[in-house]
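Please keep the sequence and the model in view while reading.

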Amino acid sequence: MKPFLLFQPSHAARIGRWALLVPLLALLGGPVACGDDPDDPRPDGGTQTVDAGSDAGTDTDAGTDADAGTDPDAGTSADAGTDGGTVACTPSGWVDATPDLSIIQDTSRDILVRLQAIPGLTVQENPSGANVPAGYRFFILRYNQPSDHAHPECQRFEQRVTLLHKADASPMVLSTSGYNVSTGTGRTEPTQLLSANQLAVEHRFFPPSIPSPADWSHLTIRQSADDFHRLTQALKPIYTGKWVSTGGSKGGETVVFFRRFYPDDVDATVAYVAPIAKRNDERFVTFQDGVGGDAQLACRERLWAFQREVLSRRDQMLSLVDAYALENELSYSQLGRELALEHAAIETYFAFWQYDVASRCAQNIPDPTATDQELFDAMDRQVGMNSFSDQGLQPYAAYYYQAAVELGWPQPYEKHLGALIRFPDTDTGEVYSPPGIPYVFRPQAMPEIQDWVSTQGQRLMFIYGSHDPWTAAAYALGNAQDSYLYSVAGGNHGSRISQLPAAPQAEAKATLNRWMGVSPGLKRAPRFVQSEEPPVFGPHVPPRLREASRN
């Protein structure tokens, strides 16, 4: 198929053309709505029209770069069942059963029996024979959830969850990547530091935790928070200790959103490298222009020279894109090969600071005198050329849609490349979102979350890396109570509490223990081993990290 390329029309017109010319992704389906709505306090996103917007990046257009959703009425020509209208649905036949607490709360029974007694929960104990950490038992769960929590009698889906069980009275770590969930037995940093139980949750609309057919109007930060609330309430009769929620990047955003809507479901939150972004957020440009300060000027200049050289050899690079696609059985019909190449060159700079370290700049970023293949291979190592293919975009369709509707997106860092950029202002959430799905950006979504954090937030801990571009959109604590923000000097998107200097590290660990009621008098505190964490999920994750993350 000849690639569809963008030329002169406005950004909004470009998005509209793509929606008409590019076929829908296979996982898209028709709307499912239901019922006679009661008054619903959920935010209403308004009329569904494609709104790429000429006002992108203004102070009123805010979102977040990582976890989000869509307008409650999005993608339907009728009422999606969230704003008070009356529409029909096919009843699912699901009826919430009353949990049998005489079994669920009976500590003399085996944990498997107690889990199986929770209505709507399907339980398998270590079905693949995974290597389970000492002192734990491992379960893969599926929990029956409403597609629309305002209408639980309508469409349902099963949300995939994993559980590492240690003891029902021990702390519980509620973890999410904001994307898929690993079916392995990796433990997050809080889980390791607390020797805690761990409940890892897949985000709605990431396969297989996706309704069929998929009504994208039900992919919102509020519907996601409702998922976490139902699951938490179902398991709390078993896990009676303190609960802490955690996640990195989009997962960090997700657990903050959950706290905003259900502040008392967990006792505390540790969010790693979690942004709270605007739409077309110009702060990312400012951050990248001076990342690392004077000490890293040489690395920034090396990256700029690399980008210029790649784009100066456009024809040669396109030939390598074609060879790469043939070798890896990839297609580039959604973006087109020229746009994929240009975006990869732009994103290489962002990806280097996000996932690499400045000390490896000369080693991993070749000189402008490098061969075509050496330049292409370096770009592939940093950002993954398959990330821009149809096969790379499809698994993260839900994220791109959420970014275009509620979460926001960094403004492309490309002005320094001048005329080498042929398709300016296209490396955005709107361009990557699933073709053919109507949407409208909800500018109030992320400012409302930030306002809650800074006025009502309690027991929140944020960890950032000083070189990570997502830190440009870090949360502001404001008047949040008993809350803390730490930055790892020179840290990237993998920054952790255990990478902080000794004094703030000790303070953060002591705070976590205090929140969870863990005695500080332990003779030997648990250690954190980063290689034992769950795998990394996300778009544009470098191939080296994706390979290391496979179960």
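A crossing of two helices is left-handed if the near helix is turned anticlockwise from the far one by less than a right angle, and right-handed if clockwise. The model is a predicted one, in which local features need pLDDT of at least 70 and side-chain atom pairs count only at pLDDT 80 or more, while totals for chains, interfaces and linings use all residues. Residues are numbered from 1 along each chain as its sequence is written, and side-chain values use heavy atoms, with hydrogens and water left out.

H9 passes H12 in a right-handed crossing. Helix H9 (residues 314–328) packs against helix H12 (residues 372–383) at an angle of about 60°, the axes being 10 Å apart.

Of the 15 residues in H5, 13 are buried, so this helix is largely enclosed by the rest of the structure; buried means under 20% relative accessible area with a 1.4 Å probe, protein chains only.

The whole structure holds 24 aromatic pairs, a pair being rings of Phe, Tyr and Trp (its six-membered ring) with centres within 6.5 Å, called stacked if the planes are under 30 degrees apart, edge-to-face if over 60 and tilted for the rest. Tryptophan 304 and tyrosine 349 are stacked, because their ring centres lie 6.3 Å apart and their planes meet at 5°. Both tryptophan 304 and tyrosine 349 are buried.

| Lysine | Ring | Distance to ring centre |
|---|---|---|
| Lysine 166 | Tyrosine 136 | 4.7 Å |
| Lysine 250 | Tyrosine 179 | 5.3 Å |

Technical notes: Buried < 20%, exposed > 50% of the residue type's maximum accessible area, 1.4 Å probe, protein only. Lys NZ or Arg CZ within 6 Å of the ring centre and 35° of its normal. Helix = DSSP H or I, 4+ residues; strand = E, 2+ residues; numbered from the N terminus. Axes fitted to C-alpha atoms, helices over the stretch in contact; angles between N-to-C directions.
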